[in-house]
Amino acid sequence: MIDQATPRHSAVSEMPDELRRDVRLLGELLGQVIAEQGGPDLLEDVERLRKAVIGARRGEVSADEVAEMVSTWEIDRAVQIARAFTCYFHLANLAEEHYRIRTLRERDAGDAVQRESLASAVEELGRERVAELVEGLELHPVLTAHPTEARRRAVVTAIQRISGQLTEYNSQGRGATERAESRRRLLEEIDLLWRTAQLRNTKLDPLDEVRTAMAAFDETLFRVVPQVYRSLDAALGEGSGTRAPLARSFIRYGSWIGGDRDGNPNVTAKVTREAVLIQAEHVLTALETATTRIARTLTAAAQFTPPSQNLRRALAGAQDAHPDLVSELATRSPSEPHRQWLLYVAARIGATRRRDLDLAYREPADLLADLRLAQESLVAAGAVRQAYGELQHLIWQVETFGFHLAELEVRQHSQVHAAALEEVRAGGALSERTEEVLATIRVIAWIQERFGVTACSRYVVSFTRTAEDLAAVYELAAHALGDRAPVLDVVPLFESGQDLDNSADVLAGMLKLPEVQRRLAGNDRRVEVMLGYSDSAKELGPAAATLKLYEAQERLTAWALANDVKLRLFHGRGGALGRGGGPANRAVLAQAPGSVAGRFKVTEQGEVIFARYGHQAIARRHMEQVSNAVLLASSPSVGERTAAAAARFRALASQVAAASERAYRALTEAKGFPEWFALVSPLEEIGSLRLGSRPARRGLGAPRSLDDLRAIPWVFAWAQTRANLPGWYGLGSGLASVEDVTELQAAYKEWPLFASLLDNVEMSLAKTDRSIASRYLALGGRPDFEAQVLEEYDRTRRLVLAVTGHSRLLENRKVLSRAVQLRDPYVDALSHLQLRALTALRTTEDLSEAERERLSTLLLLSVNGVAAGLQNTG
């Protein structure tokens, strides 16, 4: 389909040979499929559009000429062309992922310590210091089902099969016959991808989302976590695998999937109960399989590896309690007591999964005791490699995932609690919504009884304004179950600018609550606070929100110190730059000094889950990078440097933030802006993509203000227009308010927060296309808004380059720059197709129902394709 060898830009010549080879192979196979299924004329039309958008990038073809070409096709033909470019992006993304994996493995092939790894943290801070930090280290990613994954699960699965075949095709040492068969299988799978519908016909329900997330656990997380611990253990001392581990398990996963009911009426108490059961099924199956695998390989004979006295007693006790089972194991594994014991443990895990209470484990601590019993026996017999090898990995997995896999967190809006409490206090009949709030609390109690308090105790309150918003949850819990109320850690979520300013005052009131005082007495005075990036950025703009969040962290850190509280900040960051996204390790290092303190909790949303956890090598690298950043950010020396830079540049940052917020509000709060935004973007149509179980909008109809919009469709829709406004708007005005550019340049070099802000904005600007964006903006009939956006874009781009010292966007990030440059023309093709559909839907009044449906299909397919091309949605 697409010949990447065509010279059109320096990025093409800079493309590594391996990547070019894979892109060319996949593009050729896709072209063959398109010609076979749609005819040579379809492939010719795809090629015409491809060459036209490349010519437009070179200045050889005008955008009007491209638009004219697109307008000549029948809608059904335009739909087919949109499908072609969307499939191409799926394959190009796959080729880039394979190249990234190869690069990671090549960098790990030598003796040099990888940058931003756990080993590099040990090298920089020293073993003793890292060993101290590891004692309190906590990394807590929380998976969420926010609707930002535009691809159907069937499409994701098809891409994974193609990935497997591409790996086979590129395997070293394969003969010509084997390569020919791999190519045939690649073609077969690409053919199936082409035949697979890109759009969902039905809306996901919350349990579908739970099962989708389980794929990341089954295929990646369960295997990768012990590898991360092993990396740290090896960095901390010689002889990893032959001695007791120096690393401890420090990763704990959380999940909002099936627990987040804020704005999602589809998440009920029944769904929450089912969600934790699905999680338990997956983790117990994984633990049973791993234990069985290890047991079957542990063929150490008693003659050479005698069991300890404690293990002999344990086997005798098992024989008394379950004679048939243990006798069968002894028959299958004669004179192999360690193998017998682990097979018995595996049988008990299976019984736990089946709820066979006679044999089941009561809690993970009992399983850990049995595993450590085998480990200690092996050590005593001198079999240290067997003790501290795969068996240690299994112990780390149990410590990390327990029997519940991830702590299921509940989230609900403060107004829902207030309304429920009002009904409860009135003493009359309760509404269905209030009954659901009480049922949720009862389900939390059931989960704790079944799986322990760590399986579900955090209750996040959205839009926390006062301590009374937190007290309401405790009062509702008492009403639901009285003295049998579950253990709750009620977590305030501060989202708006005003709420961030008032956060410390709210926490001061929270400490006075009797329920909180009792909880602090039992949890080593630990308090969790969540900070919302999405809504604060939507309200204030990216620059002002960044500083506001930083200042809130400083205040909360000081408050915790003054009140002898161990604070953990929970960062509600989205995947897109306009929602607090960006490289996670750089985000950690940009936090306020003292706010990390070895503890980092963050949401992993939508497409980010698959991007970061879709492949083991990438997942391991991501987890090491974040762990590295948490260790460095927790080091006093790094904190002192950051604090000094913050003190020096605080006034400058405040000036930039204030001016940027004024510019941002001047646009977004202008009369008619929400209606204009709905016209120039596919905002209304995005809800038809059925991205998730959660409604993408608050209310119906055109938005009357930004408050009516959720942050995800706000960012998603702007990305589709190629303007990416939420990621950069206002910063140009902010930078322009400072006369001394050299001071801005110094802040960029010395203050991680300021550097992270500008780097993220630069990335967002690089994904913006002024020419394409202007065609969208013109659809709204407001030349004043259009001019305002484009002028701010020009100002921001010019000043960001001046401050960073770059001659072009992403000059210092060659890999990312090359990827953006190579993708841009093909995204342009989809944008022109989308513009055709959007223009007709917005301006043609006499469309038939059939025409409107076909145009909507074209628009939604192009939305899907642009999301794949830009590699982010919301």
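Predicted model: local features only at pLDDT ≥ 70, side-chain atom pairs only at ≥ 80, totals over all residues.
Residues are numbered from 1 along each chain as its sequence is written, and side-chain values use heavy atoms, with hydrogens and water left out.

**The whole chain**

- The chain has 39 helices and 9 strands. Both are DSSP runs numbered from the N terminus: helices are H or I with at least four residues, strands are E with at least two.
- A compact globule of 874 residues would have a radius of gyration near 29 Å; the chain has 28 Å, which agrees. This radius is taken over C-alpha atoms, and the globule rule is 2.2 Å times the number of residues to the power 0.38.
- Along the principal axes, the C-alpha atoms fill a box of roughly 85 × 75 × 60 Å.
- Of the 874 residues, 60% count as buried. Buried means under 20% relative accessible area, exposed means over 50%, and partly exposed lies in between (1.4 Å probe, protein chains only).
- Take the contacts with a separation of 6 or more: residues 24 or more positions apart account for 81% of them. A contact means heavy atoms within 4.5 Å.

- Helix H22 spans residues 503-510, and its buried residues are Ser503, Ala504, Val506, Leu507 and Met510. Seen down the helix axis, they fall within an arc of 155 degrees, so they line one face of H22. The arc is that of the directions from the helix axis to the C-beta atoms.
- What do the buried residues of H22 pack against? Their partners include helix H20 (467-481), strand S6 (489-494) and helix H25 (542-562).
- Helix H32 (residues 711-720) is mostly covered, with 10 of its 10 residues buried. Among them are Trp714, Phe716 and Trp718.
- Just after H32, Arg722 takes a positive phi of about 70 degrees.

- Gln625 lies in helix H28 (residues 616-633). Is Gln625 buried or exposed? Gln625 is buried, because its relative accessible area is 14%.
- Leaving aside neighbours within four places in sequence, Gln625 is in contact with Glu116 and Asn585.
- Glu116 sits in the loop between helix H5 (75-107) and helix H6 (118-125). Glu116 is not a glycine, yet has a positive phi of about 60 degrees.

- Ala597 is in the loop between helix H26 (584-589) and strand S9 (599-605). Ala597 also has a positive phi, of about 50 degrees, although it is not a glycine. At 37% relative accessibility, Ala597 counts as partly exposed.
- Ile257 lies in the loop between strand S2 (254-255) and helix H11 (269-297). Ile257 is buried, with a relative accessible area of 4%.
- Not counting residues up to four places away in sequence, Ile257 touches several residues, including Leu143, Pro206, Val210 and Leu408.
- Ile257 and Val271 are 14 residues apart in sequence and 9.6 Å apart in space, C-alpha to C-alpha.
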